[in-house]
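Here is a short note to read beside the model. Keep the structure open as you go through the points.

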Amino acid sequence: MLNPLRCSIILGAVWVCFAMSSPAADWNTYQQTFISADGRVVDFFQNSISHSEGQGYGLLLALMNGDRPAFERISRWTTDNLQVRRDALFAWSWGERPNGGWNVIDYNNASDGDILIAFALLKAADRWGHPPFREAALRIVRDIRAQLAVTADDFQLIAPAYFGFNDQAGNTFNTGYLMLPAFAEFAKADDEAFWQRTLRDSQRLLEKAAFSRLKLPADWVALENGQVMIAAARSPFFGYEAIRTPLYLSWHGNSGKLSAFAEYLQFVERTGYLPRRVNLVDGSVSVEEAPAGFYAVMGLCAQRLGRGALAQKLFEDAGSKITREPKDYYSNTLFLLATGKMD
């Protein structure tokens, strides 16, 4: 007799394969829609800008789909247009300036972009046996360590950017930037002790950043005197930033850490929908449904936790919704990241 849990996981996996073959959500369509011929990933909902985060996700998607020509185009555009600071980090925002020209808009970095790009380059170096990818990654990783490391209380973490988030008044962190599988990869390639501690302390931060009755991480958290609090002035929500935490935890392969989302998944199953955001300060839940990418991420989370039937339902809803979001860069990106295979 087949194990029901195993059957449900298999069904969820079958749905992932089906979702990836959907014309509205495959890699070729994504490229045609969001990636220019020269490798720029375009975010139409933000005045068609490009940002380091998007370039990093583009690299990961090219890698996940075994598309080396696309990977090299995206990498070349990213290096030529965003790696223009005095360090090896990336200007976070590129788009149309007030004078009508297109170039860097903000030279400050965003550490999620730096981390994603370096992670993708390291993985690509291993997959395709190309040492220059590894060398490029290590330059970035070393400057993340040199320029962005923050020690706050007994935590060692990576700041969200070179400036603007950490000062004498306190330290603020974006939970969506805590990319645990990348830190584990960096530990193999760079300073092992530093990155292993960063990995452990990032995990600790996530464990402490569990708010409201649903025990969810806030988009932004403040760390003061060893206490982790919601940085409500930036965002009181579990929303567009923190939705990436279950994705990265799924990639990291630690179902124990993912169990933090068990109560939220029960809420989703009970109410029959996934809210766009949850206010972790007043406990209110948005009546507006989340986009397809959110559904796919939580479907992956449910699948990793052995909730096969719920995972299948979330993947089905994601596949239905993505057909109605043809220009939503972020939702389409999360959808493909969550339904693809990360080695």
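This is a predicted model: local features need pLDDT of at least 70, side-chain atom pairs count only at pLDDT 80 or more; totals for chains, interfaces and linings use all residues.

1. Residues are numbered from 1 along each chain as its sequence is written, and side-chain values use heavy atoms, leaving out hydrogens and water.

2. Start with helices α9 (residues 244-252) and α14 (residues 329-339). Their axes come within 11 Å and cross at roughly 20 degrees. The two helices are therefore roughly parallel (angles under 35 degrees count as such).

3. Which residues of α9 and α14 meet? R244, L247 and W251 in α9 meet Y330, L334, L337 and A338 in α14. Contact means heavy atoms within 4.5 Å. The residues of this contact divide into 6 nonpolar, no polar and 1 charged.

4. The whole structure holds 16 salt bridges (a side-chain nitrogen of Lys or Arg within 4 Å of a carboxyl oxygen of Asp or Glu). One of them joins R68 and E72, at 2.9 Å from N to O. Both residues lie in helix α4 (residues 68-82), 4 residues apart, about one turn of the helix.

5. E185 and K188 also form a salt bridge, at 3.8 Å from N to O. Both lie in helix α7, 3 residues apart. Buried or exposed? E185 is buried, at 12% relative accessible area, whereas K188 is exposed, at 65%. Buried means under 20%, exposed over 50%, and partly exposed in between, with a 1.4 Å probe and protein chains only.

Methods
Axes are lines fitted to C-alpha atoms, for helices over the stretch in contact, and angles run from 0 to 180 degrees between N-to-C directions. Angles under 35 degrees count as roughly parallel, over 145 as roughly antiparallel, 65 to 115 as roughly perpendicular and the rest as oblique. Ala, Val, Leu, Ile, Met, Phe, Trp, Tyr, Cys and Pro count as nonpolar, Asp, Glu, Lys and Arg as charged, and the others, Gly among them, as polar.
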